[in-house]
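Me: I would like to go through a few labels and see what each one rests on. Please set the values against the cut-offs.

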Amino acid sequence: MSLLDVSALNIDFNTREGVINAVNSVSFTVDRGETLGIVGESGSGKTVCCNALMRLLPTPPAAIKGRAVFDGVDLLTSSESRLRSIRGRRIGMIFQDPMTALNPFMRIGQQIMEPLQLHYKTPKELARKKTLAILQEVGIDKPEQRLDCYAHELSGGMRQRVMIAMALITEPDLLIADEPTTALDVTTQAQILALLNELQQRRNIAMIFISHDLHVIKKIATRVLVLQKGCMVEQGRCAQVFAAPQHDYTKSLLDAIPKGKKPTRYRHEQPLAPNFLSITNASISFPAKPTPNLAVKDVSLSIARGEILGLVGESGCGKTSLAQSLVRLVDLEQGEIKLKNKSLTSLNEKQLRLARKDMQMIFQDPFASLNPRMSIFEIIAEPLKLHGLATTKRSLNEKVLALMCEVGLEANWAHQYPHQFSGGQRQRVAIARAIAVEPQLIIADEPVSALDVTIQAQILKLLLDLCWQYSISMIFISHDLAVVRYVADRIAVMQKGQIVELGNTEALLTNPQHSYTKTLLAARLS
Amino acid sequence: MLKFFAARLFQAIPVLFVVITATFFLVHSAPGGPFDAEKTLPAEVLDNLNARYNLDDPLYKQYLSYMGNLVQGDFGPSFRYSNRSVTEMILTGLPITFELALYAMLIALIIGVSAGIVASIKPNTAQDYIPMSLAMAGICMPSFLMGPLLVLIFGISLDWLPVSGWGYAPGDKILPAITLGTGYAAYIARLTRGGMIEVLGQDYIRTAKAKGLPTPTIIYRHALRGGLAPVLAFLGPAFAGLLAGSFVVETIFQIPGLGRFYVQAAFNRDYTMILGTTILLSTLIVVFNILSDILTVWLNPRLTLKD
């Protein structure tokens, strides 16, 4: 008998709009020493599924049916006190975003030893000793100093290690990890995955690993379960599923992963007009104590008309600050930015407004960057009106509808509001808004990282088409090397505020010179 | 922290200056004067009185001399009670009002926080609606209704507690404190509920549940500190409000506190007394707001004091 045996798990949500079926008849087993990967796009029910196992979903609105037998106990029907003795003691959980999943008001040492004290009544001194040991085990150096830190005082990677330590301290038999590396940089992700793998083998525990990222699942899982809209579409040994997917949905997921070089039809035959945008010796710093925080140090680069430059680096490397300085959302401390040989750094408010017509930004999170109180029509019409590109009501109407059509939005959606759309549709709205003023430069800050792979593929194609058609130059910021390889002509690698390597995409990826570029490439999972 | 406190107090000086100046000219421009009574005084007596208190000087001169005295810590003599200074009267009234406010605050916190927590555990159920409706009733019920009602029930019908006074009979402080505290208890209940519901929806509460913690532990160890943040922010202004707003309660229960002086001074056009109490109350409001800010920062490790 398996350690965990889930059969016919069905989860409905009773909402005001009626019953929504989130998980439909899902069955799986997990044994000691193996990792079950659950993969699917957002809304496919992966997280709901695992939260339901631990009865962490509020009921109502959720209605849960089925069986989930863990070592002889049905988790779904056991008494609350029985369940509490399993939670945190025999089943540990790791959540997606360690920043929000850790209590900000409590020192991390206290949080880690809490399950020990709760389930085993471990005396404080011993609990402290065990906490130090486990912090060491998950790779936190100087654990004595970290015990008394608060979550916000640690880096993202460290916080996730704390989360893992907290889940493992009671030596559980089953570990449920819900997107544990999604919020992390690639190099940190690689470390955390290696750590989980090693811990699992050493302790011979069962693990359920949820992710939307196929590379991650491929790396860590022994078996994989593919979910689509709450239904199980495929289940099997990991290698087998990835090598020969049976279901169409699995195939489409695998196909959607950006692979290989930039398609030749988007590549320029002729050398492009250089120095369309040039940045010379740019530095940006933010006030901080005791010394100002230098976010960008002495960066110089230039982009040709119609060229796509990929800007790559880990969080905090200064790529977003640099991008925002181009549209003067952040001011340069030193250096100069020129667009078509005109300096942007010395413009006054009015001139800047005019100049911004040529440069538009697309932001990472289409959920946060669109005004929730404006309709799609108003969002796209605003820049047109602002820059006087549509003077009559009729021409405005025509232009907005044409733009919506161009980015693949249906005309009858014009008067709906952002919350009525999916992530991919919202990013299309953001793109329509950006291209409305016919810009010559688009700065796209992680435009696809909040999106599912299939949507991501569509948005990338849209961006490439638009840039190609209108000779728009683009600075494409991403942490995902596969995506950058697919869209960019050249890549600039940033580390700690500096550009450490800059070169043609294929040359740079096949033959990296700088040690940091090599580290990034090594951490890549594909 | 001391530096922060001093800096914030220093920033409050212009505010206090504006309050004092505005109050000074407002009270002087109000019709009537401190020596108007039902029986009109003979003209020469009035002239003498006005001369003694410098009320015959031009207004700007009076203002300058008042401000001059104030800087030296002198609030001036009371115009109405000829032998007593404003400082003296404030010092007799303030401790009583302060004590009343303190008890009222304690009652408000105990009732408010517990009702708020109970309501937040199961929002939008009877467990939420009942305490919250009571809270709404508490907010709506003015103290001039609440006070007599309590007196009628506990003082007269049941004869459990004295109906008035302050420190004369055992238990005579209970009813005024409850009367003054109820309205604030209701606000605190609503703030607690809101804060707790927000915190209970956070991811780290889910983490605590996944650890196997029982609900009471989750509430007091993981949720309360964050959930009470709005209450903490409200405490400073609330305490200042209790001090300033105790007039009705003091009148109902015959308590010789500051609130009564304040309102009587306004009726009597006792200029120095009005100004004295106004300055005192606005200073207290400023100080309690600063204390409230410090407390908020102290309880939230993510915040630091910046001046």
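Me: Where in chain A is A:Glu446 found?
Reply: In this predicted model, A:Glu446 sits in the loop between β17 (441-445) and α17 (453-470) of chain A.

Me: What is the phi of A:Glu446?
Reply: Phi is near 50° for A:Glu446, a positive value in a residue other than glycine. Most residues other than glycine have a negative phi.

Me: Which strand holds A:Asn281?
Reply: A:Asn281 belongs to strand β11 (residues 277-286) of chain A. The phi of A:Asn281 is also positive, near 45°, and this residue is not glycine.

Me: How many residues of chain B are in contact with chain A?
Reply: On chain B, 17 residues are in contact with 22 residues of chain A. Two residues are in contact if their C-beta atoms lie within 7 Å.

Me: Which elements of chain B give two or more residues to the side that touches chain A?
Reply: They are α8 (203-210) and α9 (215-227) of chain B. The most come from α8(B), with six residues. By type, this side of chain B has five nonpolar, six polar and six charged residues.

Technical notes: Residues are numbered from 1 along each chain as its sequence is written. Chains are lettered from A and ligands numbered from 1 in the order in which they are written. This is a predicted model: local features need pLDDT of at least 70, side-chain atom pairs count only at pLDDT 80 or more; totals for chains, interfaces and linings use all residues. Helices (H or I, at least four residues) and strands (E, at least two) are DSSP runs, numbered from the N terminus. Ala, Val, Leu, Ile, Met, Phe, Trp, Tyr, Cys and Pro count as nonpolar, Asp, Glu, Lys and Arg as charged, and the others, Gly among them, as polar.
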